[in-house]
Amino acid sequence: MEKNVYLDNAAATRLDERVLEAMKKYFFEVYAVATSEFGYSLGIEAREALEEARGVIANKLGAEHDEIVFTSGSTESSNMAIKGVALALKEKKGKHIIVSKIEDFPVLNSAKSLEKQGFEITYLDVDQHGLVNFEQLENSIRNDTILVSIQHANQEIGTLQDINRIGNLCKQKGVLFHTDATHTFTRIPIDVKKIHANLITVSAHTIHGPKETGALFIRKNTPLTKWMDGGFQEFNKRAGLENIPGAVGFAKAVELVTQEENNKLQQFRDYLIKRVLTEIPNTTLNGHLEKRIPHNANITFHYVEGESITLHLDMRGFSVSTGSACFSKSLEASHVIMGIGGDHERAHGSVRFTFGRYNTMEDVNSVVDNISEVVEELRKISPLGKNS
Amino acid sequence: MKFPYSEKVLEHFRHPHNVGKLENPDGKATEGSPACGDMVSVYIKVDSETKTIQDIKFESYGCASNIATGSIITDMAKGKTLDEAKLITWQQATEALGGLPPIKAHCSVLAVEGLRAAIQNYEEKHGLVSEKSPTTIEIVNNRLKKIMNPLTGLDVVKTNLIKKIEIDNGKVSIIVDLPSTHQFAASIKEEVKEKIGTLWDVKEIVVDFID
């Protein structure tokens, strides 16, 4: 196989071999269900592994052991948080929920689904960098507001929200706060002793861990109705056979992320942004220059279309993604790019580069060299931008 | 490696034929897709004796399907008479490309529409339109549907930017629901004149904004 330079690490990551090694035992040797402490030894060993993994996730967030519930990934975690709170508080407190308009689909579509069931949703605007309008948030909180769900960082443009300030506001107003930290967990520190979030979505698939494995932090005494019925697993908060190899893999993946690695990714990011913006004319950075996760660069190449760029890059061995309507199954332009500027053209030529453990500076240089050629070729055949 | 398109599409996408602009074209047109934001421009040189397409070029602000269809359809049209070229269908173009994913149909239809519109532009400019029915509000409205609203990627009719259309003795008056200071006001005005100006009985076009 030809060398592939994979720069779509926000979508999925290559599994780290050390994660697989850690998981293997729980497929082939300790494959039993996690039994109670009075079960058989294989089951007790399985339970111990699960609880040890839980401890690692809890530790990373500064949470208590029993505040972590394993799930099948970010989608489930966010559904569980939003729908769980909605069910728990709709009679007691109200049916108003606040989200930002650039949330990822698990949050956005959970909110839309509740809207159809009679909940009232406020979709907060964001500024040109993707930051939510804090005053609008403050003014939107009402007596019947039950939940604010604002992501820690954006999936496409990488903009970091000030969850510290948002959490404080929610606490002061007595409203629950959920944040989707899928794209920040282990890359940006989160300490729940300082950040007043009641619910936090995290996932393994973005940090070289297994897919379909995530967790939800549920702060003690957070009202949350269990919405998937079944057994009494996960402190009776999430029914279903525990994914022990997944949990063990997730914990291993968390342990393997280092500050050194995060610094390296940030160097890639800054270097790519700098090279592209200085070397390729008519380019715009999407997202905030500083308030940004270390491994994301998102740039619009004006006058050309994103799917054409990604296909050319794919044929040259690079995997990147775009917010262009042509790239999506739904043929809808990125709601994030539209949210920060309202301009279809900006989404049309946007390309997202997300870095991971297996990227090198050579990859970064070569993707910039290649995209520079590709964009130049495509601009030659574009009817736009010739006179400007 | 597994790519989402046929070898033929990829070949035309990688090395598109007949790309660029023609200086002083005999006919030209730009079509935009309301669905995805793609755009294509087609330029033709026509032999005035034989009415054959001597040269043809296209430009694309679009995705792979759009570029590949532009490439193949300009190949197919070159050397054909205008009447023959008009009959080239999207199905023929896609078959020649070895098929396209169904969801990409509108991106590639756009290239076919571009060719037809360029031929129509030539015919209108040269008085070759056979059926000279008087221009109606409906005809004007249909032409305005080809103009994109850059804010949404949808056409100006669908997004309710056209407030009023009036036709009086060859004079077409259009009111656009934007202030004249709007960043796209000038370009929309120009596009309106371009789309309507070639209609055989239109002598004057007035585009007003809501100030």
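In this predicted model, B:Val46 stands opposite B:Ile53 of strand E3(B). Strands E2(B) and E3(B) run antiparallel and are joined by eight bridges. They belong to an open sheet of three strands in chain B, ordered E1-E2-E3 with antiparallel pairing, in which E1 (27–32) and E3 of chain B are the edge strands, each pairing on one side only. From one strand to the next, the twist averages 15 degrees.

Helix H2(B) packs on this sheet, where it touches E2 and E3 of chain B, and its direction makes about 175 degrees with that of E3(B). Helix H5 of chain B (residues 105–125) lies across E1, E2 and E3 of chain B, and runs at about 140 degrees to E1(B).

Turning to the contact between the chains, 25 residues of chain B are in contact with 21 residues of chain A. On the chain B side, the elements that give two or more residues are helix H1 (7–14), strand E2 (39–46), strand E3 (53–61) and helix H2 (64–77), with the largest share, three residues, coming from E3(B). By class, this side of chain B has 15 nonpolar, seven polar and three charged residues.

Within chain A, the axes of helix H2 (residues 41–61) and helix H8 (residues 244–256) come within 9 Å and cross at roughly 35 degrees, in a left-handed crossing. Among the residues that make this contact are A:Ala49, A:Ala53 and A:Ile57 of H2(A), together with A:Ala247, A:Phe250 and A:Val254 of H8(A). By class, the contact of H2(A) with H8(A) has 12 nonpolar, no polar and three charged residues.

Technical notes: Residues numbered from 1 in each chain as written. Chains lettered and ligands numbered in written order. Predicted model: local features only at pLDDT ≥ 70, side-chain atom pairs only at ≥ 80, totals over all residues. Axes fitted to C-alpha atoms, helices over the stretch in contact; angles between N-to-C directions. Helix = DSSP H or I, 4+ residues; strand = E, 2+ residues; numbered from the N terminus. Left-handed = near helix turned anticlockwise from the far one by under 90°. Contact = placed C-beta atoms within 7 Å. Nonpolar A, V, L, I, M, F, W, Y, C, P; charged D, E, K, R; others polar. Pairing = 2+ DSSP bridges.
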